[in-house]
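Visitor: Could you take me through one part of this protein slowly, as if I were seeing a structure for the first time? I would like to look closely at a single helix and at whatever surrounds it.

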Amino acid sequence: PIVTADGKVVGIHYAGNSSTRQQYAIARDEALGILALLEAEQDVTSIGVNGSAVNDGQISGIWVSSVKSGSPADLAGIQGGDIINTIEGLVLATDGTMADYCDILRSHRAEDVLSIEVLRYATQEVLAGQLNGDELAQVFSFAQEIEDQVGGDLTGDGGTYDEFVEVTDDTGTLVMEVPVAWSTDIDGSPILDDDGSILAASIQASVNLEDFWSTYATPGVVFYASDSEGQELDMAAVLDEFAGSYECTYDGRYDYDDGVYTGFYDLYVDCGGVGSVIVELAAAPGGQQYYTYLLIQAVTEADLDALDHILNTFFVLEE
């Protein structure tokens, strides 16, 4: 507080600069109304998050360290560790501050319905929903996109995968979760250059890797990741480099963008005459520190649904 010589409060400091001896304050009369709300245990221009502005040049927003139980943020499904990218379509923290975030909250009532988009960094999901409205839901589903393109060619008699297990490669660089059924045969050995140096970290997972590589009736996944070595990456060239030769119908090459990774994917359908699907994906994060390559063979719809879980749990431990 700012007080007079006789102890009367005339204002409340909210900012200052010690090097220039500048101080900024809110007048007493303006603060009294807010104090009354706080004394009544009401939130003031708050959605119930403890957050701070983040901006690394690629991702900007409000990083949430904690969420108040029962608050609009909690009811919307926001969690600690999330990054709130936009509110009402306005990208937050582009200047590295919480100014836009605070302006939006000040210009709306506590009960107003506000659209919100969140990056759940832990699972690499982009979620959208509303404060005081619809709960957050995944914006992008790669599996659903593939299913729409395939048009129901995959069989649905494979059940669903209810249990997943975390697997890592031999270098400790890659982490992802695969269906427990696919963890019976794991190969985490890296891809090596002729001189024995590591070209890419790698994980292969399937019910049976030999059958995965030699037939079109066994589901499984392959994931590679390699350092960009400071070069600008061409994801189309990466796909061309790894492209396989399959007994499939080539459906085409498509853009890929999940809000974190961008690149391209090739889709092969009706593989081996058994109706399975092969997807090859090459993508890199915004900073292009590294690129990832994924190959998945899906025999049933459940296999393809596992793709979303794999992408949501995949993590590259950068040096």
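Guide: Let's begin with the side chains that are tucked away: in helix 4, the buried residues are Phe142, Ala143, Ile146, Glu147 and Val150. These residues lie on the same side of helix 4, because they cover an arc of only 135° around the axis. Please keep in mind that this is a predicted model.

So what covers that buried side? The cover includes strand 17 (249–257), strand 18 (261–271), strand 19 (276–285) and helix 7.

Now turn to the partner helix. Helix 7 spans residues 301–313, and its axis comes within 8 Å of the axis of helix 4, with a crossing angle of roughly 150°. On the helix 4 side, the residues that meet helix 7 are Phe142, Ala143, Gln144, Ile146 and Glu147. On the helix 7 side, they are Glu301, Leu304, Asp305, Leu307, Asp308 and Leu311. Sorted by class, this contact has 6 nonpolar, 1 polar and 4 charged residues.

In general, the strands of a sheet pair through backbone hydrogen bonds, and they can be parallel or antiparallel. Here, strand 12 (residues 174–179) and strand 21 are joined by 2 bridges and run antiparallel.

After helix 4 comes Gly151, with a positive phi near 75°. Further along, Thr160 sits in the loop between helix 4 (142–150) and strand 11 (164–168). Is Thr160 buried or exposed? Thr160 counts as exposed, because its relative accessibility is 59% and the cut-off for exposed is over 50%.

Glu88 has a phi near 55°, a positive value in a residue other than glycine. You can find Glu88 in the loop between strand 6 (82–87) and strand 7 (90–91), and at 42% relative accessibility Glu88 counts as partly exposed. Ala93 is another residue other than glycine with a positive phi, near 60°. Ala93 is in the loop between strand 7 and helix 3 (99–106), and at 1% relative accessibility Ala93 counts as buried.

Finally, let's return to the aromatic rings. The count of aromatic pairs comes to 12. Among them is the stacked pair of Phe242 and Tyr293, at 4.6 Å centre to centre and with 25° between the planes. Phe242 lies in helix 6 (residues 235–242) and Tyr293 in strand 20 (residues 290–298), so this pair ties together parts that are 51 residues apart in sequence. Phe242 is partly exposed, with a relative accessible area of 22%, whereas Tyr293 is buried, at 3%.

Methods: Residues are numbered from 1 along each chain as its sequence is written. This is a predicted model: local features need pLDDT of at least 70, side-chain atom pairs count only at pLDDT 80 or more; totals for chains, interfaces and linings use all residues. Side-chain values use heavy atoms; hydrogens and water are left out. Helices (H or I, at least four residues) and strands (E, at least two) are DSSP runs, numbered from the N terminus. Buried means under 20% relative accessible area, exposed over 50%, partly exposed in between (1.4 Å probe, protein chains only). Axes are lines fitted to C-alpha atoms, for helices over the stretch in contact, and angles run from 0 to 180 degrees between N-to-C directions. Contact means heavy atoms within 4.5 Å. Ala, Val, Leu, Ile, Met, Phe, Trp, Tyr, Cys and Pro count as nonpolar, Asp, Glu, Lys and Arg as charged, and the others, Gly among them, as polar. Two strands pair if DSSP finds at least two bridges between them. The arc is that of the directions from the helix axis to the C-beta atoms. Rings of Phe, Tyr and Trp (its six-membered ring) pair if their centres lie within 6.5 Å; planes under 30 degrees apart count as stacked, over 60 as edge-to-face and the rest as tilted.
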